[in-house]
Amino acid sequence: MIDHQLLKLVHLSCVVLSITGFTIRATLMLARSPLLRRRWVRTVPHLVDSLLFFSGLGLAYNLHQYPGTTPWLTAKLVALVLYVIFGAIALRGRRLPQRLTALVLAYTTFAYMVSVALSKNPMPWH
Ligand code: HEM
């Protein structure tokens with residue numbers, strides 16, 4: 001078992017890196033910057049999001065709580081997939097209104113994941 005606190009530090013660092021990186025890319029998108037097409041600008045976020053996912057799975061394993069059986073973890077996993085999809089549409093969508101809608105949805109999904117994580121409740125507003 002990997003040390004839980006260390007894994008949590010990796011997980012939380014990826015959370016911060018993921019949303020910071022997304023915000024930088026969203027700014028580049030709005031500024032129509034060619035930087036957005038650089039290979040490393042496109043690949044590094046995949047590495048961060050994969051590490052976010054695997055560190056989350058490691059934490060779940062340590063807690064003996066799993067997506068599919070523990071509702072707040074199922075909610076986080078589904079929301080992570082939606083965040084990645086909305087994020088991709090926000091950065092690569094065809095038209096600006098579509099990109100802006102996806103941008104708002106990506107941030108909303110991210111905020112939802114943070115509140116699910118802190119409350120350990122798939123419906124944190126309850
Ligand atoms: C962008 C996606 C994610 C965000 C923003 C996020 C955010 C967080 C935050 C803020 C915490 C700390 C909660 C606390 O202080 O108690 C946390 C913990 C945790 N996360 Fe995530 N997470 C994400 C994805 C995932 C995924 C995909 C999984 C697993 C499938 C996962 C599993 C866990 C587990 C098990 C903990 C609890 C650790 C503990 O209480 O010791 N996370 N997450």
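This is a predicted model: local features need pLDDT of at least 70, side-chain atom pairs count only at pLDDT 80 or more; totals for chains, interfaces and linings use all residues.

**Entry: α1 against α3**

I started with the pair in which F22, R25, A26 and M29 of α1 meet G87, A90 and L91 of α3. By class, I noted 5 nonpolar, 1 polar and 1 charged residues in this contact of α1 with α3.

Next I looked up the axes. Those of α1 and α3 come within 9 Å and cross at roughly 25 degrees. An angle under 35 degrees counts as roughly parallel, so α1 is roughly parallel to α3.

**Entry: α3 against α4**

I moved on to helix α3, residues 71-92, and helix α4, residues 96-119. Their axes come within 8 Å, and the crossing is at roughly 160 degrees. An angle over 145 counts as roughly antiparallel, so that is how α3 runs to α4. I also noted the hand: the crossing of α3 and α4 is left-handed.

Which residues of α3 meet α4? I listed W72, A75, K76, A79, L80, L82, Y83, F86, G87, I89 and A90 on the α3 side. On the α4 side I found Q98, R99, A102, L103, L105, A106, T109, F110, Y112, M113, V116 and A117. By class, the contact of α3 with α4 has 18 nonpolar, 3 polar and 2 charged residues.

**Entry: the loop residue R94**

I then looked between these two helices. R94 lies in the loop between α3 and α4. Is R94 buried or exposed? I found 8 C-beta neighbours inside 10 Å. A residue counts as exposed with 12 or fewer, so R94 is exposed.

I also checked R94 against L51. The two are 43 residues apart along the chain. Their C-alpha atoms are separated by 29 Å.

**Entry: around the ligand**

Last, I turned to the ligand. How many residues surround the ligand? I found 24, and the closest are G56, L59, A60, M113 and A117. The largest share comes from α2, with 7 residues.

By class, I noted 18 nonpolar, 4 polar and 2 charged residues in the shell around the ligand. Two names came up again. M113 and A117 are among the closest residues to the ligand, and M113 and A117 are also among the α4 residues that meet α3.

Methods. Residues are numbered from 1 along each chain as its sequence is written. Axes are lines fitted to C-alpha atoms, for helices over the stretch in contact, and angles run from 0 to 180 degrees between N-to-C directions. Helices (H or I, at least four residues) and strands (E, at least two) are DSSP runs, numbered from the N terminus. Angles under 35 degrees count as roughly parallel, over 145 as roughly antiparallel, 65 to 115 as roughly perpendicular and the rest as oblique. A crossing is left-handed if the near helix is turned anticlockwise from the far one by less than a right angle, and right-handed if clockwise. Two residues are in contact if their C-beta atoms, placed from the backbone, lie within 7 Å. Ala, Val, Leu, Ile, Met, Phe, Trp, Tyr, Cys and Pro count as nonpolar, Asp, Glu, Lys and Arg as charged, and the others, Gly among them, as polar. A residue is near a molecule or strand if its C-beta atom, placed from the backbone, lies within 6 Å of it. A residue is buried if 20 or more other C-beta atoms lie within 10 Å of its own, exposed if 12 or fewer, and partly exposed in between; C-beta atoms are placed from the backbone.
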